[in-house]
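Work through the exercises below with the sequence and the model at hand. Each task is followed by a solution in steps.

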Amino acid sequence: MRFRATIHVRPKPEVRDPQGEAVLGALSSLGLGVSAVRTGKEIVVTLEAPDERAAREAAARMGQELLANPVVEDFSIDLSAA
Amino acid sequence: MARVAILRFPGTWSERDFDHAFGLVGAETEIVWHEDVDLRGFDAAIVPGGFSYGDYVRAGAIARLSPAVRELRRFADAGGAVLGSCNGFQILCEAGLLPGALTRNTGLEFRCDWVRMRVESDATPFTRGLRGEILRMPIAHGEGCWTADEATVARVERRGLVVFRYVDERGAATPAANPNGSVANIAGLRNEGGNVVGLMPHPERCSEAILGGTDGLRVLQSLVRAVGTAPAEAAVA
């Protein structure tokens with residue numbers, strides 16, 4: 001089966017996010033009531049796997065081995081049939 | 001004579017500078033492509049700076065999955081001396097050969113400047129006899145902010161793994177002397193064994209007076225002397 005895994009990577013809550021701080025500064029100038037910004041990234045992977053569970057495990061391994069650095073980042077996975 | 005392998009990944013840019021600088025201290029060098037790295041017979045391996053794989057995903061993240069890193073790990077486990085500078089330091093942290101991670105400079109700027117750092121550990125082949133010295137070296141990086149969880153920071157300090165710390169001209173580790181927001185002004189670290197060292201500054205770019213400084217030469221000389229008194233890794237294995 002073919003799946004689409006969207007892996008969301010974000011800095012851990014205790015890790016400073018200077019990019020988020022810069023975006024906060026810029027958004028504040030729009031006067032829209034923004035009080036905090038955290039940035040991250042999204043990686044969309046299409047993969048073959050026998051079932052949903054295997055696809056989720058494969059995506060988790062991608063997060064652990066390459067897409068996120070466990071020292072400073074967390075990740076989460078959204079999975080759908082592709 | 002010291003035999004030094006200098007690794008080249010796609011996007012590495014400091015390998016020829018290291019090659020030149022090691023020539024000044026009488027080391028025999030070889031620049032090796034990351035897919036063909038065989039460190040048997042070498043005394044030391046250098047992971048130079050640059051932008052391996054365009055810094056995609058994170059600086060050093062993709063290089064971590066290269067066959068060269070598997071060989072580096074084997075070499076380091078066998079006691080081989082490994083030095084990573086700038087992107088090389090990022091690769092060593094990503095590979096888990098050194099603790100923590102290097103993240104975006106807190107000021108968001110790419111910093112290209114000269115810094116001072118104090119040598120705080122001489123338990124490495126790269127800093128023998130240099131403990132307490134203040135070295136002046138250039139930096140050029142956007143992701144040099146070393147960080148780790150509290151337990152790791154405490155362990156690094158307690159075990160004396162901090163090799164280089166950013167300081168001002170009077171030797172004080174002030175926020176102003178810290179170019180990138182690194183925790184505790186940490187500029188470079190070693191592993192528990194002392195044979196693996198990483199730092200953000202560039203020793204290869206301050207090895208001749210014409211370049212504005214020669215403190216980098218002291219790090220390279222230390223290695224040449226250290227391995228001159230120890231058998232090559234291949235002879236041990």
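**Exercise 1.** In this predicted model, find the distance between the closest N and O atoms of R53(A) and E57(A), and classify the pair.

Solution. 
- Step 1. The closest N and O atoms of R53(A) and E57(A) are 3.4 Å apart.
- Step 2. A salt bridge requires a side-chain nitrogen of Lys or Arg within 4 Å of a carboxyl oxygen of Asp or Glu, and R53(A) and E57(A) form one.
- Step 3. Both residues belong to helix 2 (residues 52–67) of chain A; because they are four residues apart there, about one helical turn separates them.
- Step 4. R53(A) has 65% relative accessibility and counts as exposed, while E57(A), at 47%, counts as partly exposed.

**Exercise 2.** Which parts of chain B does the pair R3(B) and E28(B) link?

Solution. 
- Step 1. R3(B) and E28(B) form a salt bridge, with 3.2 Å between the closest N and O atoms.
- Step 2. R3(B) lies in strand 1 (residues 3–8) and E28(B) in strand 2 (residues 28–33) of chain B; the two are 25 residues apart, and the pair links distant parts of the chain.
- Step 3. R3(B) has a relative accessible area of 26% and is partly exposed; E28(B), at 37%, also counts as partly exposed.
- Step 4. Elsewhere, salt bridges with shared partners join R118(B), E120(B), E157(B) and R165(B) into one network.

**Exercise 3.** Is N105(B) buried or exposed, and what does its side chain reach?

Solution. 
- Step 1. N105(B) sits in the loop between strand 5 (101–103) and strand 6 (111–119) of chain B.
- Step 2. Buried means under 20% relative accessible area; N105(B) has 1% and therefore counts as buried.
- Step 3. The side chain of N105(B) reaches the backbone nitrogen of G144(B) at 2.8 Å.
- Step 4. Neighbours within four places in sequence aside, the contacts of N105(B) include P18(A), as well as H141(B), G142(B), E143(B), G144(B), C145(B) and N180(B).

Terms used. Residues are numbered from 1 along each chain as its sequence is written. Chains are lettered from A and ligands numbered from 1 in the order in which they are written. This is a predicted model: local features need pLDDT of at least 70, side-chain atom pairs count only at pLDDT 80 or more; totals for chains, interfaces and linings use all residues. Side-chain values use heavy atoms; hydrogens and water are left out. Buried means under 20% relative accessible area, exposed over 50%, partly exposed in between (1.4 Å probe, protein chains only). A polar contact is a pair of N or O atoms within 3.5 Å; within protein, one must be able to donate a hydrogen and the other to accept it, and residues adjacent in sequence count only if both atoms are side-chain atoms. Contact means heavy atoms within 4.5 Å.
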